[in-house]
Amino acid sequence: MPKLSHHVPKLSRHLRGNAFVKIAGQQIWLGKYGQPQTQEKYDRLVGQWLANGRQLPSPGTAPTTVAEVVAAYWTWAQQRYTPAEAATIKAALRVVCKSYASLAAHDYGPNCLRASRAEMVRIGWSRRQINRQISRVRGLFRWAASHEMVHESVYNQLATVESLKRGEAVERPRIKPVPRSMIRSLRPYLSRPIRALMDLQLLTGARAGELVHLRLGDLLRSGPVWTWQPEDHKTAHFEKSKIILFGPRAQKILHGFLAGKKEEDFLFSPHEAIAERHEKAKGSRRPNQLPNPRNTDRTVGPCYTTNSYRRALHRAADLAFPPAPTLPPADASAWRRKHRWGPHRLRHNAATFLRREFGIEVAQVILGHSSLSVTQIYAEVTLNRAMKAMEKVG
């Protein structure tokens, strides 16, 4: 007769540092080995196993785990938010699932949230970014409470966690407008569509993610000012409308991309940039020279993305401001980071100019902000008027 085993499953450690326990042939992950929360989950699981006659609870009676809540919320968030906001939410959810995927959702309390926040600090996120991400984690459990996946007390407890104060995480300077000299230096190294996108951002204050998806059929070209009302924009999920205005200078730029386009075609296509580059390089290849082999399976899309637009600006910055050959690799990387900037900073240039020339109310309408406080964040306040006033006051 076989001997029955009455031992309690032990807490084991994986090579990567995660803790797990094997019960009835099932391997259950509990989080990082050696953490108090992991030990608590192990004790609770073994207690349920013993109370259930040395058997795991049936799936119908098992509590909802954090991973299950995150999976359901992520499915909903992809439909609710823009791709950029959804990607930001995904980064926060990844940190939560890293240590608490198998934890029962109703056991994710303030100490767990602080531990997730400490992981964000360790990664190197800035204080403002961490505070925003913690708000998104709270939003996850608020959504779960509204869908009866957890009790509302879970969200109420998480709301008691205080925000990080200055000095408790990395502080990064606020985004400022790009100096005009740097913009001029990049222009010779940019393709024609990228230069047009950059100039349109400076003239209209539109977001990069909006302009790259502009189609010919979207433009309303009646009247002295052309208009475009994008359906997909940052605040579309709040049922707010957005209108982008194109004045005479912006229209002149757009005219160079209207010829030969259909209503459904994107105005700014990377295929045009590639064709223009090949046209310039025609005389540099021998008549019998074979085409270069493809290194990857990537294909060129019908329009630019925010990432491809940003990479084009970064490559141009590396060519316009090359580091000295004698610099060590670490210093050369720091030099490149200093001179690189993304397309979103051009929106700050437009906001600063519009506020200085026409006032904050006009800047608010053109930028599409729902409140003046948001416009003040984007518009860099200049001291010129204040200094002139003090010259008169004395």
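**Figure 1. The second largest pocket of the predicted model has a volume of about 1,500 Å³.** The model shown here and in the other views is predicted. Rolling a probe the size of a water molecule over the atoms shows where empty space is left. The lining of this pocket comprises 36 residues. Nearest the pocket centre lie Pro 270, Ile 274, Arg 277, His 278 and Val 300. Helices α8 (192-204), α11 (270-280) and α12 (306-320) each contribute at least two lining residues. Which helix gives the most to the lining? It is α11, with seven residues. By type, the lining splits into 16 nonpolar, nine polar and eleven charged residues.

**Figure 2. The largest nonpolar core holds 39 residues.** In soluble globular proteins, nonpolar side chains tend to be buried together. The residues with the most contacts inside this core are Leu 219, Phe 246, Leu 254, Phe 268, Tyr 309 and Trp 341. Two or more core residues come from each of the helices α7 (180-186), α8, α9 (208-211), α10 (248-255) and α12, and from each of the strands β4 (226-228) and β5 (244-246). Helix α8 supplies the largest share of the core, six residues. Both α8 and α12 also supply at least two residues each to the lining of the second largest pocket.

**Figure 3. Three strands form an open sheet in the order β1-β2-β3.** Strands of a sheet pair through backbone hydrogen bonds, either parallel or antiparallel. Here the pairing is antiparallel. The edge strands are β1 (12-13) and β3 (26-32), and each pairs on one side only. Two bridges link β1 to β2. Six bridges join β2 (residues 18-23) to β3.

Figure 4. Ser 12 has Phe 20 of β2 as its bridge partner. Phe 20 is also partnered with Trp 29 in β3. Val 21 stands opposite Ile 28 in β3. Ile 23 has Gln 26 of β3 as its bridge partner.

Figure 5. Most residues other than glycine have a negative phi, and most peptide bonds are trans.

**Figure 6. Glu 148 has a positive phi of about 60° although it is not a glycine.** The residue sits in the loop between α5 (127-146) and α6 (152-158). Is Glu 148 buried or exposed? Glu 148 is exposed, because its relative accessible area is 75% and the cut-off for exposed is over 50%.

**Figure 7. Helix α14 (residues 344-358) spans 21 Å from its first C-alpha to its last.** The helix has 15 residues, and its span is close to the 21 Å expected at 1.5 Å a residue. An α-helix has 3.6 residues a turn, so residues three or four places apart point the same way. Which residues of α14 are buried? They are Leu 346, Arg 347, His 348, Asn 349, Ala 350, Ala 351, Thr 352 and Leu 354. Just after the helix, Gly 359 takes a positive phi of about 95°.

**Figure 8. Pro 193 lies in helix α8, and His 255 lies in helix α10.** Pro 193 counts as buried because its relative accessible area is 0%, and buried means under 20%. Pro 193 and Gly 256 are 63 residues apart in sequence. In space their C-alpha atoms are 9.7 Å apart. His 255 counts as partly exposed because its relative accessibility is 49%, between the 20% and 50% cut-offs. The C-alpha atoms of His 255 and Leu 267 are separated by 10.0 Å. Along the chain, His 255 and Leu 267 are twelve residues apart.

Definitions and conventions. Residues numbered from 1 in each chain as written. Predicted model: local features only at pLDDT ≥ 70, side-chain atom pairs only at ≥ 80, totals over all residues. Heavy atoms only, no water. 1 Å grid on protein atoms, 1.4 Å probe; cavity = no way out; pocket = protein on both sides within 12 Å on 5 of 7 lines; lining within 4 Å. Points joined across faces, edges and corners; volume = space filled by probe spheres on them. Helix = DSSP H or I, 4+ residues; strand = E, 2+ residues; numbered from the N terminus. Nonpolar A, V, L, I, M, F, W, Y, C, P; charged D, E, K, R; others polar. Expected span 1.5 Å × (residues − 1). Buried < 20%, exposed > 50% of the residue type's maximum accessible area, 1.4 Å probe, protein only. Pairing = 2+ DSSP bridges. Core = buried A, V, L, I, M, F, W, Y, C linked by side-chain atoms within 4.5 Å.
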